[in-house]
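I opened this model to look at one helix pair and at the ligand surroundings. My notes follow.

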Amino acid sequence: MADTSHPVFNAVRNDWTKPEIAALFDLPFMELVFRAATVHRQNFDPNEVQLSQLLSIKTGGCAENCGYCSQSSHHDTGLKASKLMPVDEVLTAAKAAKDGGAQRFCMGAAWRDLKDRDVPALASMISEVKAMGLETCATLGMITPDQAKTLKDAGLDYYNHNLDTSPEYYSKVVTTRTYQERLDTLEAVRDVGMKTCCGGIVGLGEAREDRVSFLHQIATLPAHPDSIPINNLVPVANTPLGIQAKVKGGVSPIEFVRTIAVARILCPKSMVRLSAGRNEMSEELQALCFMSGANSIFVGDQLLTTPNPERGTDAHLLQSLGLRAMANPQ
Ligand code: SAM
Ligand code: DTB
Ligand code: SF4
């Protein structure tokens, strides 16, 4: 096993083993947080946080059966489905996001996969959002290499596609898309030179060993994702995993912080995003996540379909911790 007690252990490695990752999870909490914070400050300014904003450009009616999702047509969540938003409405939302301080605008669609007929509208959205001086990100389900190339040429900086959980627990979460299909989409995105955003969800009823195995998958991809969103499950009423979480509870806050810290150590140069679930987290818990190497959040009072902290709440959080918004690289 690599000697992780060495003061410099921030080399980018794609050969992490599960026992090494399990050993990091097992560290005494103070030791783990200290190591993650050390790796963080060796690679980033620990007082800077990247701000992304989401917009659901096509909501609900999704053919997939992801057990946590408000937008799956397999669960009766009461969410009203809508068609793809017109380009001008997306641009209005992007301008508001920019004026509110977001650096990256992430457009999400409740699709199993991207259809060629929708590509021209998406390409216009992307190029016009990019022209506003925002970084662009999209999450549209599975995409082919040709579609990835077209979206990249239109100005798409990042594609988000999550592995969500471990390969072992995956069938408890979704059965309409295979793990391999997710890996294939990520490969298509990487192959055209687009940046990848890939993470998962904690609190799906998975065991510690699944969190180890999930982060093992992330850390042994051919290239580490540029952004790694770590979502805490937002339990949605009438979804199988939302119901289960209400009965069994999710992961403990300390275990959540451990997951962030291990992600930071494994992928020292990636942005680790403290993603869904912040609305239910205290300032102190979020501070521990930032201390442990999280350096990106979603801002704006809505994620895709569920609430996110309001602007004033986040302004207070950032101000009280002395965190600054990261400058837009463009
Ligand atoms: N439909 C596309 C797909 O799944 O590839 C893109 C949008 S999907 C909503 C993006 C990600 O949001 C999911 O992979 C999942 O990790 C996260 N997510 C969705 N619902 C969530 C919930 N209730 N709590 C936490 N994360 C959630
Ligand atoms: C990601 O990992 N988290 C974001 C983004 N990628 C697309 C989505 C979170 C969605 C939370 C549930 C909702 O608002 O519907
Ligand atoms: Fe559809 Fe994405 Fe929700 Fe799964 S997570 S049901 S693919 S919108």
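I started with the crossing of helix 3 and helix 4, which is right-handed. I keep in mind that this is a predicted model.

I then looked up which residues make the contact. Helix 3 brings Val-87, Val-90, Leu-91 and Ala-94. Helix 4 brings Ala-121, Ser-124, Met-125, Glu-128 and Val-129. Sorted by class, I get seven nonpolar residues, one polar and one charged.

Next I checked the geometry. Helix 3 spans residues 87-99 and helix 4 spans residues 119-131. Their axes come within 10 Å and cross at roughly 25°. Angles under 35 degrees count as roughly parallel. Helix 3 and helix 4 are therefore roughly parallel to each other.

I moved on to ligand 1. How many residues surround ligand 1? I find 17, and the closest are Ala-109, Thr-139, Asn-162, Asp-164 and Val-234. For Ala-109, a backbone N or O atom sits 3.2 Å from a nitrogen atom of ligand 1. The side chain of Asn-162 places an N or O atom 2.9 Å from an oxygen atom of ligand 1. For Arg-177, I note 3.5 Å between a side-chain N or O atom and an oxygen atom of ligand 1.

Which of the 13 residues around ligand 2 come nearest? I list Asn-162, Asn-231, Leu-304, Thr-305 and Thr-306. Asn-162 has a polar side-chain atom 2.8 Å from an oxygen atom of ligand 2. The side chain of Asn-231 has an N or O atom 2.8 Å from an oxygen atom of ligand 2. For Asn-160, I note a polar side-chain atom 3.4 Å from a nitrogen atom of ligand 2.

How values were computed:
Residues are numbered from 1 along each chain as its sequence is written. Chains are lettered from A and ligands numbered from 1 in the order in which they are written. This is a predicted model: local features need pLDDT of at least 70, side-chain atom pairs count only at pLDDT 80 or more; totals for chains, interfaces and linings use all residues. Side-chain values use heavy atoms; hydrogens and water are left out. Axes are lines fitted to C-alpha atoms, for helices over the stretch in contact, and angles run from 0 to 180 degrees between N-to-C directions. Helices (H or I, at least four residues) and strands (E, at least two) are DSSP runs, numbered from the N terminus. Angles under 35 degrees count as roughly parallel, over 145 as roughly antiparallel, 65 to 115 as roughly perpendicular and the rest as oblique. A crossing is left-handed if the near helix is turned anticlockwise from the far one by less than a right angle, and right-handed if clockwise. Contact means heavy atoms within 4.5 Å. Ala, Val, Leu, Ile, Met, Phe, Trp, Tyr, Cys and Pro count as nonpolar, Asp, Glu, Lys and Arg as charged, and the others, Gly among them, as polar. A residue is near a molecule or strand if one of its heavy atoms lies within 4 Å of it. A polar contact is a pair of N or O atoms within 3.5 Å; within protein, one must be able to donate a hydrogen and the other to accept it, and residues adjacent in sequence count only if both atoms are side-chain atoms.
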